[in-house]
Amino acid sequence: MVTIGNAHDDIIHDAVLDYYGKRLATSSSDKTIKIFEIEGTENYKLLTTLQGHEGPVWQVSWAHPKFGSILASCSYDGKALIWKEQPETQQWSIIAEHNVHQASVNSVSWAPHELGAVLLCTSSDGKVSVVDFNDDGTTSHVIFDAHAIGVNSASWAPITSTSSNTKDLNTLKQQRKFVTCGSDNLAKIWKYDPINNTYIEESRLEGHTDWVRDVAWSPSILIRSYIATASQDRTVLIWTQDKSGQWKKQLLTEEKFPDVCWRCSWSLSGNILAVSGGDNKVSLWKENLQGKWESAGEVDQ
């Protein structure tokens with residue numbers, strides 16, 4: 001296990017490996033992003049420190065390598081920044097600035113690469129924006145009201161295998177679907193509406209009694225779709241969709257977690273869920289053959 005000490009001067013909010021697991025991007029309240037090269041299981045090297053935000057940087061997200069070496073970041077300063085590394089010089093620079101929100105931008109996530117270079121942003125202003133980075137260098141965005149008191153996080157639905165063969169962009173655009181969560185105790189599923197060029201609410205997931213801090217849609221198509229929601233109410237809910245399209249909820253654990261549940265994320269295979277909370281622990285969970293969720297261990301460090 002690689003341990004990086006004293007990486008930032010303040011709290012680290014996010015740490016994400018790139019597609020190949022070779023580089024790690026971290027973001028912090030010290031307003032910077034750092035990129036490390038990971039060599040084996042022991043060594044790491046700081047490649048660069050990115051400065052451009054004027055507030056704590058909440059989250060970073062790597063784009064798929066087919067678009068180049070690109071990183072998105074979001075901050076309390078109300079902006080999402082897009083950074084690109086020039087392969088010849090290995091210098092990073094800001095290639096786009098997305099500043100349509102009136103408050104903190106809390107999360108950034110790239111769409112499945114089949115949908116193109118598309119970035120999803122959520123904000124404390126209650127709005128969600130979806131930015132298209134077009135092949136000709138232009139950008140276009142859609143912004144809409146999602147959660148009354150603020151949007152904390154969002155996660156894209158995986159692309160079904162039948163649609164990924166489709167090369168027609170308009171058909172692919174209709175595949176766009178994601179889930180958001182907010183300070184109104186709700187999670188909502190949105191799908192693209194081509195007629196009005198916006199996103200409409202498809203389902204509302206009600207079950208938490210406090211702010212929903214994070215939401216994660218399982219990235220692989222298993223027997224059914226899974227969504228996990230982590231909340232301030234010290235619970236994690238697992239949502240599964242039945243044959244009729246209805247979403248059913250199930251508590252991950254009978255007893256509440258010891259503290260606030262901050263983040264949840266699925267393994268790439270989609271069958272293991274990691275949950276992190278206010279007790280500074282990361283617990284792992286998997287579903288057994290009876291459909292119950294059981295502990296798959298803890299990450300100690």
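Predicted model: local features only at pLDDT ≥ 70, side-chain atom pairs only at ≥ 80, totals over all residues.
**Group meeting talk: polar pairs, a sheet and a core**

Residues are numbered from 1 along each chain as its sequence is written, and side-chain values use heavy atoms, with hydrogens and water left out.

Back to His101, whose side chain also makes a polar contact with the side chain of Asp125, at 3.1 Å. His101 sits in the loop between strand S8 (92-98) and strand S9 (105-110); strands here are DSSP runs of E with at least two residues, numbered from the N terminus. Is His101 buried or exposed? With a relative accessible area of 7%, His101 is buried, where buried means under 20% relative accessible area, exposed means over 50%, and partly exposed lies in between, using a 1.4 Å probe and protein chains only. Leaving aside neighbours within four places in sequence, the contacts of His101 include Gly78, Cys121, Lys127, Val128 and Ile143, a contact being heavy atoms within 4.5 Å.

Asp132 belongs to strand S11, which covers residues 127-133. Asp132 has 14% relative accessibility and therefore counts as buried, and its side chain makes a polar contact with the side chain of Arg176 at 2.6 Å. Beyond four places in sequence, Asp132 is in contact with Arg176 and with others, among them Ala117, Val118 and Thr138.

Now to the salt bridges, each of which is a side-chain nitrogen of Lys or Arg within 4 Å of a carboxyl oxygen of Asp or Glu. How many salt bridges does this rule give? The count comes to 15. One of them joins Arg263 to Asp14, with the closest N and O atoms 3.4 Å apart; Arg263 lies in strand S21 (residues 261-266) and Asp14 in strand S1 (residues 12-17), so this pair ties together parts that are 249 residues apart in sequence. Arg263 is partly exposed at 30% relative accessibility, whereas Asp14 is buried, at 9%.

A second salt bridge links Glu85 and Arg23, whose closest N and O atoms are 3.1 Å apart. Glu85 is in strand S7 (residues 80-85) and Arg23 in strand S2 (residues 23-28), so here the parts tied together are 62 residues apart in sequence. Glu85 is buried at 11% relative accessible area, and Arg23 is buried at 15%.

A further salt bridge is that of Asp242 with Lys248, at 2.8 Å between the closest N and O atoms. Asp242 is partly exposed at 27%, and Lys248 counts as partly exposed at 46%. Salt bridges that share partners also join Asp14, Asp214 and Arg263 into one network.

Let me turn to the strands. Four of them form an open antiparallel sheet in the order S13-S14-S15-S16. Strand S13 (151-156) and strand S16 (198-206) each have a single partner strand and stand at the edges, so one side of each is left without a neighbour in the sheet. S13 and strand S14 (residues 177-182) run antiparallel and are joined by 5 bridges, pairing being called when DSSP finds at least two bridges between two strands. In S14, Gly182 is the bridge partner of Val151.

Finally, the core. The largest nonpolar core has 18 residues, and those with the most contacts inside it include Leu120, Val128, Val130, Trp156 and Phe178; such a core is a set of buried Ala, Val, Leu, Ile, Met, Phe, Trp, Tyr and Cys residues joined through side-chain atoms within 4.5 Å. Which strand gives the most to this core? That is S13, with 3 residues. Not counting residues up to four places away in sequence, Val130 touches Trp156, Phe178 and Tyr199, among others, and Arg176 is one of its contacts too.

How values were computed. Helix = DSSP H or I, 4+ residues; strand = E, 2+ residues; numbered from the N terminus. Polar contact = N/O pair within 3.5 Å; in protein donor to acceptor, adjacent residues only side chain to side chain.
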